[in-house]
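Trainee: I'd like a close look at one pair of helices packing against each other. Please walk me through that contact and what lies around it.

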Amino acid sequence: MSINTNINVEKNLSNINQKIKQAADKVERHVEDITLIAVTKYVTIERAREAIDAGITNIGENRIEGLLEKQAQIDANVNWHFIGTLQSRKVRDVVNEVDYIHSLDRKSLAKEINKRATDVVDCFVQVNVSGEESKHGLDQTSAVEFIESLADYPKIRVCGLMTMAPFVQDEDILRSSFKALRALRDEVKNKELSHAPCEYLSMGMSNDFEIAIEEGATHIRIGTDLVGSELKR
């Protein structure tokens, strides 16, 4: 295990909140419309508690084991987001334990969520706007049809779309990815589907969240820049 103890979560959060405000002000958005999700997949339960004590109210995990372990030991009023790839056979372990699933991208997964959920689940449909083979998600051309087909699954509400932009420094490439997701979100939203209000955009991480905000992100997922990285990846 590699431990980094030189992390001040409260200070990091203050710095990030300042950057969020600057990005929002630049495009005349309200910071209240932007949800910061602390991604705690690489940190201990103690570090996750530090984030919550600093004011974080949304926690994101990409491993079911890490999510359940933290939930069992953290007694706090927070929203839990599952942001990792979700195997259909693992749905039963997580679907009723989280407030949001950010990685719905196939019918078999939708079927299992609908089967296992006790209440309606808010899901982000994951779209691979960059077309990179290393990334999960639907391609843009099939996303709308997929979302329309989810009307057959009453336990699923498509609250928005999610993507991971390419890990590059080229601002034009990043903006292009975020713009594409926003355009797709608007297309779905304008259909006024009762099962898919599709109001939100989950996009932007530590390296690109300011650009994502400028392009309309409502949910940003920040790990290392906020809570550090204590556990070996």
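Mentor: Happy to! A crossing is right-handed if the near helix is turned clockwise from the far one by less than a right angle, and left-handed if anticlockwise. Helices are DSSP runs (H or I, at least four residues; strands are E, at least two), numbered from the N terminus. Keep in mind that this is a predicted model, where local features need pLDDT of at least 70 and side-chain atom pairs pLDDT 80 or more, while totals for chains, interfaces and linings use all residues. Residues are numbered from 1 along each chain as its sequence is written, and side-chain values use heavy atoms, leaving out hydrogens and water.

Let's take helix α6 (residues 140-149) and helix α7 (residues 171-190), whose axes come within 11 Å and cross at roughly 30°. Axes are lines fitted to C-alpha atoms, for helices over the stretch in contact, with angles from 0 to 180 degrees between N-to-C directions. The angle makes α6 roughly parallel to α7 (under 35 degrees; over 145 is roughly antiparallel, 65 to 115 roughly perpendicular, the rest oblique). Their crossing is right-handed.

Who meets whom? From α6 come Q140, A143, V144 and I147, and from α7 come A180, L184, E187 and V188; contact means heavy atoms within 4.5 Å. These residues divide into 6 nonpolar, 1 polar and 1 charged. Here Ala, Val, Leu, Ile, Met, Phe, Trp, Tyr, Cys and Pro count as nonpolar, Asp, Glu, Lys and Arg as charged, and the others, Gly among them, as polar.

I147 is among the residues with the most contacts inside the largest nonpolar core, which has 69 residues. Such a core is a set of buried Ala, Val, Leu, Ile, Met, Phe, Trp, Tyr and Cys residues joined through side-chain atoms within 4.5 Å; buried means under 20% relative accessible area, exposed over 50%, partly exposed in between (1.4 Å probe, protein chains only). Helix α1 (residues 9-26) gives this core its largest share, 6 residues. V125 is another of the residues with the most contacts there, and beyond four places in sequence V125 touches I147 itself, along with L104, L138, F146, L150, V158, G160, L161 and M162.

For another pair, turn to helix α2 (residues 45-54) and helix α3 (residues 64-73): their axes come within 10 Å and cross at roughly 65°. This crossing is right-handed. I45, A48 and R49 in α2 meet E69, K70 and Q73 in α3, a contact of 2 nonpolar, 1 polar and 3 charged residues.
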